[in-house]
Every structure is written in structure tokens, then in C-alpha cells.
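Trainee: Could you take me through one part of this model slowly? I would like to look at a single strand and the strands beside it.

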Amino acid sequence: MKDYDAACAVWTAAGREIVPLAELTYRPSLVLVADDGDSLAGVVMGTFDGRRGMILRLAVHPARRRQGIARGLVGELETRFRAIGCPRVNLLVMPDNDAGLRFWQELGYLPAPDVLCTKPLSPSQ
């Protein structure tokens with residue numbers, strides 16, 4: 001990803017974890033950036049497992065929020081999901097992120113009663 005350093009700067013400014021470059025190479029067509037010509041304003045990362053799409057990370061630089069950048073990125077990502085035959089998109093919102101939940105609901109994403117289970121794996125197991 002040629003804009004990796006700029007994407008890292010957006011994630012940092014937005015208070016998000018930096019995604020390792022290796023994770024962005026699986027489906028590069030589902031990693032989108034919003035570039036205003038001078039700097040990177042936003043980035044979204046999606047993936048598709050052949051059955052479901054997943055939006056893994058959406059960040060907009062705090063100085064560029066409320067300008068439609070996130071909506072534009074998500075809209076383009078949804079277009080790309082449709083183009084590869086993706087029937088459904090899932091995402092996770094942190095429970096304390098009320099603004100994020102409102103944003104996603106405004107775009108038609110509805111909370112699901114699923115229970116998230118996770119297990120970190122060390123490389124040596």
C-alpha cells in the first residue's frame with residue numbers, strides 16, 4: 001500500500017491502532033483511502049471471506065470529520081463488496097462508542113444480538 005505511512009498517521013490522529021502492512025495486502029481492492037491531494041483524510045479497510053464482508057477499520061482524521069469522508073469511503077467499499085458478490089457486511093462497534101453506533105445506524109447497519117468471542121493466538125501454539 002503506497003499510502004501506508006499516511007494511513008498510519010490518520011489512525012494515530014484518530015486514536016486507533018495501526019494495522020500492520022501485511023494485513024493490508026490480502027485484498028488491497030478493499031482498502032480505500034480518501035486523499036484530498038495534499039494529505040490523506042481517511043481510510044477504511046474491508047475484507048471478504050467468500051461469504052460475508054467485514055469492515056475492519058474506518059478512520060477519518062479529526063480535522064477532516066463531518067465532511068462526508070466516512071460516508072464516501074463506506075459507500076465505495078459497499079460498491080466493491082457488491083461487485084465481488086458479497087451478500088452481507090458485518091462490522092464491530094465498541095460498546096462505549098455512541099457516536100460510532102449512531103453513524104453506522106444512519107447508514108443502515110443494525111445492531112445484532114451476536115456474542116463476540118475472541119481468542120488471541122501466539123505464533124508458537
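Mentor: Gladly! Of the 9 residues of S2, 8 are buried, so the strand is largely enclosed by the rest of the structure. Buried here means under 20% relative accessible area, with exposed being over 50% and partly exposed in between (1.4 Å probe, protein chains only). Strands are DSSP runs of E with at least two residues, helices are runs of H or I with at least four, and both are numbered from the N terminus.

Before we go on, a word on the model: it is predicted, so local features need pLDDT of at least 70 and side-chain atom pairs count only at pLDDT 80 or more, while totals for chains, interfaces and linings use all residues. Residues are numbered from 1 along each chain as its sequence is written, and side-chain values use heavy atoms, leaving out hydrogens and water.

Now find the sheet. It is open, has 4 strands in the order S1-S2-S3-S4, and its pairing is mixed. Its edge strands are S1 (31-35) and S4 (89-91), each of which pairs on one side only. Two strands count as paired if DSSP finds at least two bridges between them. As a general point, strands of a sheet pair through backbone hydrogen bonds, either parallel or antiparallel. From one strand to the next, the twist averages 25°; the axes behind such angles are lines fitted to C-alpha atoms, for helices over the stretch in contact, and angles run from 0 to 180 degrees between N-to-C directions.

Let us start with S1. It runs antiparallel to S2, and 5 bridges join the two. One place to look is Val31, whose bridge partner in S2 is Met45. S1 and S2 form a hairpin with 4 residues between the strands, where Gly37 takes a positive phi near 100°.

Next, turn to S3. Strand S2 (residues 40-48) and strand S3 (residues 53-60) also run antiparallel, joined by 7 bridges. You can trace this pairing through Val43, which stands opposite Ala59 in S3, and through Phe48, whose bridge partner in S3 is Gly53. This hairpin too has 4 residues between its strands, and Gly50 in the turn has a positive phi of about 95°.

To put the picture together, follow the order S1-S2-S3-S4 across the sheet, then come back to S2, with 8 of its 9 residues buried.
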